[in-house]
Amino acid sequence: MEDLITLHITDLSGNEHKIQAPTDMNLNVMEAIRANDLPIKATCGGMAMCATCNCVVKSNHTLPEMSEDEEAMLDEAFVLDIEGSRLMCQIPVSQEINGLQIQLGELTAE
Ligand code: FES
């Protein structure tokens, strides 16, 4: 299917997972990861209110600008100083992020 993209996820143990996600279902990266049964906390369910879906972006993709809520949440969680930190629930699954490489953040541990 041409509306599937590939995401490369490195988990907290250093294992790499290649997952596919549809671009036509209004998903975000956190939801795509959960749908592929990778364990992440994501406590607030995608409302930018918990930071337990944090990740570090390793590839050079251009992502949507951070909202004030996302920036504040990362700041509160003391992970903002890690370059490339984002909340996965705030990154929409779209063709623009095909091939995205991310490392799951420590706060995602269940
Ligand atoms: S799931 Fe809570 S901030 Fe993303």
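Before the first stop, one term: two residues are in contact if their C-beta atoms, placed from the backbone, lie within 7 Å. Among contacts in the protein between residues at least 6 apart in sequence, 62% join residues at least 24 apart.

A word on what you're looking at. This is a predicted model, so to speak of local features takes a pLDDT of at least 70, side-chain atom pairs count only at pLDDT 80 or more, and totals for chains, interfaces and linings use all residues. Residues are numbered from 1 along each chain as its sequence is written.

**Whole chain**

Start zoomed out. The C-alpha trace spans about 40 × 30 × 25 Å along its principal axes. A compact globule of 110 residues would have a radius of gyration near 13 Å, and the protein agrees with its 13 Å; the radius is taken over C-alpha atoms, and the globule rule is 2.2 Å times the number of residues to the power 0.38.

Now colour by secondary structure. Helices (H or I, at least four residues) and strands (E, at least two) are DSSP runs, numbered from the N terminus.

**The sheet**

Select the five strands. They form an open sheet with mixed pairing, in the order β2-β1-β5-β3-β4. Here β2 (16–22) and β4 stand at the edges with a single partner strand each, so one side of each has no neighbour in the sheet. From one strand to the next, the twist averages 40°, with axes being lines fitted to C-alpha atoms (for helices over the stretch in contact) and angles running from 0 to 180 degrees between N-to-C directions. Two strands pair if DSSP finds at least two bridges between them.

Next, walk across it:

- β1 and β2: these run antiparallel and are joined by seven bridges. Pick Thr6 and you'll find its bridge partner Gln20 in β2. The two strands form a hairpin with five residues between them, and Gly14 in the turn has a positive phi of about 90°.
- β1 (residues 4–10) and β5: three bridges, this time in the parallel sense. His8 has Gln101 as its bridge partner in β5, while Thr10 stands opposite Gln103.
- β5 (residues 101–104) and β3: three bridges, antiparallel. Click Val56 to meet Gln103 again, as its bridge partner in β5.
- β3 (residues 54–57) and β4 (residues 85–87): antiparallel, with three bridges. Cys55 stands opposite Arg86 in β4.

**The core**

Which residues touch the most other members of the largest nonpolar core? Of its 25 residues, they are Val29, Met30, Ala32, Ile33, Cys53, Leu87 and Met88. A nonpolar core is a set of buried Ala, Val, Leu, Ile, Met, Phe, Trp, Tyr and Cys residues joined through C-beta atoms within 7 Å. The elements giving two or more residues to this core are β1, α1 (29–35), α2 (68–76) and β5, and α1 gives the largest share, four residues.

Leaving aside neighbours within four places in sequence, Leu87 is in contact with Ala48, Ala51, Cys53, Asn54, Glu70, Met73 and Leu74.

Finally, colour by burial: 33% of the 110 residues are buried, with 20 or more other C-beta atoms (placed from the backbone) within 10 Å of their own.

Notes
A residue is buried if 20 or more other C-beta atoms lie within 10 Å of its own, exposed if 12 or fewer, and partly exposed in between; C-beta atoms are placed from the backbone.
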